[in-house]
Every structure is written in C-alpha cells, then in structure tokens.
Amino acid sequence: MRSTPTIAHSDFVPDLLQQLLENNSGAHLIVCATKAEFLVQLTAAIRFQRADPDAAASHDLLTKTIGLLARSSKIRLAFCPTLESLRAYLAVLTAADGMDIQHTQSSSDRQLLAVLNMVALHVTTSEFSAQGLSRTLAAAVEAASRAELDLKLYECANALDPTSADWGRSLWDMNAPLLNGSVRMRGDESVVRGRGVTVKRVASRWFEFEQEY
C-alpha cells in the first residue's frame, strides 16, 4: 500500500543508516553529496557518538557484527552532489529499480526511496527558492511513484559543525524567496528581502512531516 511522502527525522548520518538497516523491506538511498563528503560526515558522527555510551549501545554501526554486514546489503547507494545530477537521477528512476531491490530482498513490501540533504543541496545556489525547491521536490515524488517506492526525505546535521544553520532540521524553518535568482552564501543569515515562504510550507504541498517537526 502506497504511503504519503514523508519528511523524516535523523540527527546524524549514522542515525539515518540505523533506521534504514532496521527497515526489513530494504531501501534506495540517494545522498546529495559526493562519496568522499558522505564518508567524512559518517566518520565524524561515529567518532562523536562513540564518546556517548548510550549512543554507542544503540547503534549497530558502532559494533562489528555479521548481522550488520548481512543487513547492509539491503541498502543501495547513489551519490548526487549537484542539483543537475540529482534531478537527472530522479528522472531516470523507474519501476525496474524498485523491483530490483524487492527481488533482491525477496519481499512483497514496498521499498523505500530515501533522499539525504536535498534541501541543503539548494542552500548556496540560485535555486534556493520556492520555485527551485518545488521543482526538485515534485521530481522526487514523481520518481518514487514511477518506481513504486515509498519516499522519505532527511536533513541531517553537519557532524563537523553541529550548530550550522545550513544543515539539519532547522532548514525547514528557513525562509526562501518565491522565485529563483538570488544566491545565499553559507553563513549569511540575512533575511530574504521581499516576499518569501518557509521551506516547510513549500514541502507541505507534497509531504507530511513526522511529529518531531
């Protein structure tokens, strides 16, 4: 049964991977970054969480188990470090991709399409606007429907700088201009001039937000 596209919550990359590992149906994870950038975030977050006994005890990623290796085969990874590559990837995603995961896992349940840091990918571009975000969000919804995959979006915090306003759940409350055109540089906290709208309001057209939001 098809579910409503969802904005889900994970503090850091290991938390997201933990959720995907616990999903018995398998998942297709699109990372809006290069492989190197993703590994830097993963490594930094694991080092940070290793210092917390409670976090270490709750994460399979912080333990060496055969079960972890077995379950990791359920996750397919794709890296899209630019808006162009992300939209191109979504445009060619088909039902065959979803069925490939399903057959691999021998499951009749719908698979999950998870997209990591889609909003953060827009932040320093001229498409950080209601217009640009809408285009990408609509493409993700269309791709998930076409591939017969459930869809969830995640915005994880920057493990190298957890207070960064350009990463994580705070992005949903950020104001964006209505149309493409103005570039916002990282660290510039200036208010959008003229008419604007929150990213959350833009996403709400297609997505439901989990209670944490």
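Ser 25 sits in the loop between helix 1 (13–21) and strand 2. Helices (H or I, at least four residues) and strands (E, at least two) are DSSP runs, numbered from the N terminus. At 8% relative accessibility, Ser 25 counts as buried. Here buried means under 20% relative accessible area, exposed means over 50%, and partly exposed lies in between (1.4 Å probe, protein chains only). Ser 25 and Lys 74 are 49 residues apart in sequence, yet their C-alpha atoms are 7.7 Å apart in space.

This is a predicted model, in which local features need pLDDT of at least 70, side-chain atom pairs count only at pLDDT 80 or more, and totals for chains, interfaces and linings use all residues. Residues are numbered from 1 along each chain as its sequence is written, and side-chain values use heavy atoms, with hydrogens and water left out.

## Helix 5: two sides

Which residues of helix 5 are buried? In this helix (residues 83–92), they are Leu 83, Leu 86, Arg 87 and Leu 90. They cover an arc of only 95 degrees around the axis, which puts them on the same side of helix 5. The arc is that of the directions from the helix axis to the C-beta atoms. An α-helix has 3.6 residues a turn, so residues three or four places apart point the same way.

Glu 84 and Val 92 are exposed on the other side of helix 5. The buried residues of helix 5 pack against strand 2 (27–31), helix 7 (118–122) and helix 8 (130–147). Contact means heavy atoms within 4.5 Å.

## The nonpolar cores

A nonpolar core is a set of buried Ala, Val, Leu, Ile, Met, Phe, Trp, Tyr and Cys residues joined through side-chain atoms within 4.5 Å. The largest has 37 residues, of which Leu 151 and Leu 153 touch the most other members. At least two residues of this core come from each of helix 5, strand 4 (111–116), helix 7, helix 8, strand 5 (149–154) and helix 9 (199–203). Helix 8 gives the largest share, nine residues. A second, separate core holds 19 residues, including Leu 21, Val 31, Phe 38 and Leu 42. In soluble globular proteins, nonpolar side chains tend to be buried together.

What does Leu 153 touch, not counting residues up to four places away in sequence? Its contacts are Thr 6, Ile 7, Ala 8, Val 115, Met 118, Leu 137, Trp 172 and Phe 207. Thr 6 lies in strand 1 (residues 6–7). It is buried, with a relative accessible area of 15%. Leaving out residues up to four places away in sequence, Thr 6 touches Leu 151, Lys 152, Leu 153, Phe 207, Glu 208 and Glu 210.

## Three salt bridges

The structure holds three salt bridges. Each is a side-chain nitrogen of Lys or Arg within 4 Å of a carboxyl oxygen of Asp or Glu. One joins Glu 127 to Arg 87, with the closest N and O atoms 2.7 Å apart. Glu 127 lies in the loop between helix 7 and helix 8, and Arg 87 in helix 5, so the pair ties together parts that are 40 residues apart in sequence. Glu 127 counts as buried at 15% relative accessibility. Arg 87 counts as buried at 12%.

Arg 110 pairs with Asp 150, the closest N and O atoms being 2.9 Å apart. This pair links distant parts of the chain: Arg 110 is in the loop between helix 6 (95–105) and strand 4, Asp 150 is in strand 5, and they are 40 residues apart. Arg 110 is partly exposed at 21% relative accessibility. Asp 150 is buried at 16%. Glu 142 bridges to Arg 146, with the closest N and O atoms 3.8 Å apart. Both lie in helix 8, four residues apart, about one turn of the helix. Glu 142 is exposed at 54%, and Arg 146 is partly exposed at 31%.

## Rings around Phe 209

The count comes to two aromatic pairs. Rings of Phe, Tyr and Trp (its six-membered ring) pair if their centres lie within 6.5 Å; planes under 30 degrees apart count as stacked, over 60 as edge-to-face and the rest as tilted. Trp 172 and Phe 209 form an edge-to-face pair, 5.4 Å centre to centre with 90 degrees between the planes. Trp 172 lies in the loop between strand 5 and strand 6 (175–177) and Phe 209 in strand 8 (residues 208–209), so the pair ties together parts that are 37 residues apart in sequence. Trp 172 is buried, at 1% relative accessibility.

Lys 200 lies over the face of Phe 209, at 5.1 Å from the ring centre. A charge sits over a ring if NZ of Lys or CZ of Arg is within 6 Å of the ring centre and within 35 degrees of the ring normal.
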